[in-house]
Amino acid sequence: MRKEIAKFLLIAGLVACPVLVSAAEFGIIDAGQIFNKYNETQKTKTMLENKKATLQKELEKRKEEVKALNDKYIELAKDTQKKRDAKKDVSANEKQMTELRSKLAAKEGELQKFFEESQKSLYALEEKEMGALSKNLDAKVDTVIEKIAKNYKLKAVFERRGIYWQDKTACKDITDEVIKALNGGK
């Protein structure tokens with residue numbers, strides 16, 4: 001009886017062994033984590049944030065100009081009303097109000113146009129920079145993954161998002177090593 005149990009365990013071990021060896025021959029990466037932790041991604045994000053901050057400062061400056069012009073118009077309107085109540089001549093004020101309304105409308109139009117154009121340019125810059133970064137990263141990642149996979153003698157490397165479930169011990173996660181290599185750490 002003891003020999004039969006030993007034989008059974010030996011056969012079960014031999015049958016399971018190729019499956020275990022096969023499972024350990026696969027790697028896995030988290031592409032999102034690689035993209036987010038890549039140094040060039042951080043530099044690009046910082047550059048885009050700086051550009052956004054510069055545009056935001058310019059937008060705020062232009063808003064203040066519009067607000068100052070609007071405040072001036074409101075003060076003139078109040079003064080005009082006081083003069084009307086006092087039965088005084090308001091023709092000079094009305095002329096100034098007409099000019100201020102025209103300037104205010106022009107400034108508000110410029111502000112709106114600046115906002116729209118800055119948004120478009122920011123989106124275009126982001127698309128251009130992140131697209132170039134992504135292309136550049138794709139080529140580098142492929143090379144780095146291949147090198148690391150060969151080092152571990154992996155048969156294939158899969159992206160984590162393409163797998164619904166995995167035994168955490170079945171695949172070698174090489175994400176951190178890929179990030180380190182991309183960032184010049186290896």
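1. Helix 4 and helix 5 cross in a right-handed manner. A crossing is right-handed if the near helix is turned clockwise from the far one by less than a right angle, and left-handed if anticlockwise. Helices (H or I, at least four residues) and strands (E, at least two) are DSSP runs, numbered from the N terminus.

2. This is a predicted model: local features need pLDDT of at least 70, side-chain atom pairs count only at pLDDT 80 or more, and totals for chains, interfaces and linings use all residues. Residues are numbered from 1 along each chain as its sequence is written, and side-chain values use heavy atoms, with hydrogens and water left out.

3. Axes are lines fitted to C-alpha atoms, for helices over the stretch in contact; angles run from 0 to 180 degrees between N-to-C directions.

4. An open sheet holds three strands, order 2-1-3, with parallel pairing. Pairing takes at least two DSSP bridges between two strands. Neighbouring strands are turned by 35 degrees against each other on average, direction ignored.

5. Strand 1 (residues 26–29) and strand 3 run parallel, joined by three bridges. Which residue of strand 3 stands opposite Ile28? Asp173 does.
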